[in-house]
Amino acid sequence: MAADDTRTVRLGGVPGTLLWNLHHRAYEARQSHTVLDDPKAVELAGRIDYPFEETFGPPNPLLAQGQALRARTFDDAVRDFLARHPDGTVVALAEGLETQFWRVDNGRVRWLCVELPETAEVRTALLPDGERRRTLARSALDLSWRDEVDTDRGVLVTAQGLLMYLRPPGVRELIAACAERFPGGALVFDAVPRWFSARTLHGRMRTAQGYRPPPMPWGLDAGDLPRVRTAHPAVADVRELRPPRGRGLYHGALAPLQYRLPAVRNLRPTMTVLARFA
Ligand SMILES: C[S@@+](CC[C@H](N)C(=O)[O-])C[C@H]1O[C@@H](n2cnc3c(N)ncnc32)[C@H](O)[C@@H]1O
């Protein structure tokens with residue numbers, strides 16, 4: 001690979017979390033029998049000059065596979081949307097260095113990434129915009145991004161790894177703003193449960209590798225899912241998406257059980273939700 005393909009990246013706080021995600025996604029994509037075919041992530045991680053291991057520790061195989069299964073769940077939602085709207089628009093809020101476009105591209109989809117300016121600069125330097133893919137350097141909370149969306153052929157908004165970092169009123173406003181502006185559309189997002197959010201707020205969350213994630217002010221328990229409908233009258237349907245079964249004892253057998261046992265319903269570390277708009 002040409003030396004000028006590499007780029008030094010220094011991001012901290014919430015934007016820095018995208019590097020944790022990429023570190024783990026690329027690790028999982030390198031495994032034989034991986035649950036996520038993502039050569040673009042592997043290539044991208046190799047082009048970034050960043051102290052991954054010093055900052056995050058060595059990749060945790062369980063977390064890496066969980067991260068990849070979450071990405072697969074989002075991919076399945078996007079593929080499902082594209083099967084029905086092959087020329088539709090996917091709006092990827094807070095896309096970071098996600099490489100989902102390359103995993104799901106059908107050759108026709110239009111793709112709009114909405115990212116904070118500092119992250120957008122890194123993303124466009126490493127993954128320059130293309131004919132059907134553009135990046136808006138703007139906060140997702142600046143709702144003017146909605147004016148940039150072509151709504152003629154269907155809209156799916158994704159927010160992977162974003163809402164937990166927002167304050168609760170911002171989350172509600174964002175869901176309502178999507179429901180109001182994209183009738184017939186949908187929003188896919190993930191959330192952490194309330195206990196997890198509280199631990200991050202008290203600085204008590206730390207991975208076994210010593211990495212402390214930034215505070216996550218918004219948590220949502222699985223039991224609270226029906227309340228998402230109250231964000232806006234046009235939220236017609238809210239449905240939890242389950243990750244596919246992975247490999248090994250935990251992701252192959254134990255993790256899927258969490259969805260069957262009522263006692264752990266509100267303890268699940270993440271969930272992925274699809275809200276459809278009337
Ligand atoms: C955990 S990373 C998720 C990145 C990517 N979606 C993924 O799953 O790998 C969090 C991302 O949220 C972005 N972000 C945080 N606040 C944002 C906001 N108000 N508007 C848009 N993006 C935001 C950060 O720049 C970062 O890329």
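The model is a predicted one. The protein exposes about 12,600 Å², and 52% of this area is supplied by carbon and sulfur atoms. Of its 278 residues, 52% count as buried.

In overall form, the C-alpha atoms fill a box of roughly 50 × 50 × 35 Å along the principal axes. The radius of gyration is 18 Å; a compact globule with 278 residues would have a value near 19 Å, so the protein agrees with that expectation. Nine helices and nine strands make up the list of secondary structure elements. Among contacts between residues at least 6 apart in sequence, 72% join residues at least 24 apart.

How many disulfides does the protein have? The count comes to zero. A disulfide would need two cysteine sulfur atoms within 2.5 Å. The closest cysteine sulfur to that of Cys113 belongs to Cys178 and lies 15 Å away, so the two are too far apart for a bond. Cys178 is likewise in no disulfide, with the sulfur of Cys113 as its nearest cysteine sulfur.

Are these cysteines buried or exposed? The table gives the answer for each of them.

| Residue | State | Relative accessible area |
|---|---|---|
| Cys113 | buried | 1% |
| Cys178 | buried | 0% |

Both residues fall under the 20% limit for buried, with Cys113 at 1% and Cys178 at 0%.

Notes:
Residues are numbered from 1 along each chain as its sequence is written. This is a predicted model: local features need pLDDT of at least 70, side-chain atom pairs count only at pLDDT 80 or more; totals for chains, interfaces and linings use all residues. Side-chain values use heavy atoms; hydrogens and water are left out. Helices (H or I, at least four residues) and strands (E, at least two) are DSSP runs, numbered from the N terminus. The radius of gyration is taken over C-alpha atoms; the globule rule is 2.2 Å times the number of residues to the power 0.38. Buried means under 20% relative accessible area, exposed over 50%, partly exposed in between (1.4 Å probe, protein chains only). Contact means heavy atoms within 4.5 Å. Accessible areas come from the Shrake-Rupley method with a 1.4 Å probe; for residues, only the protein chains shown count as cover.
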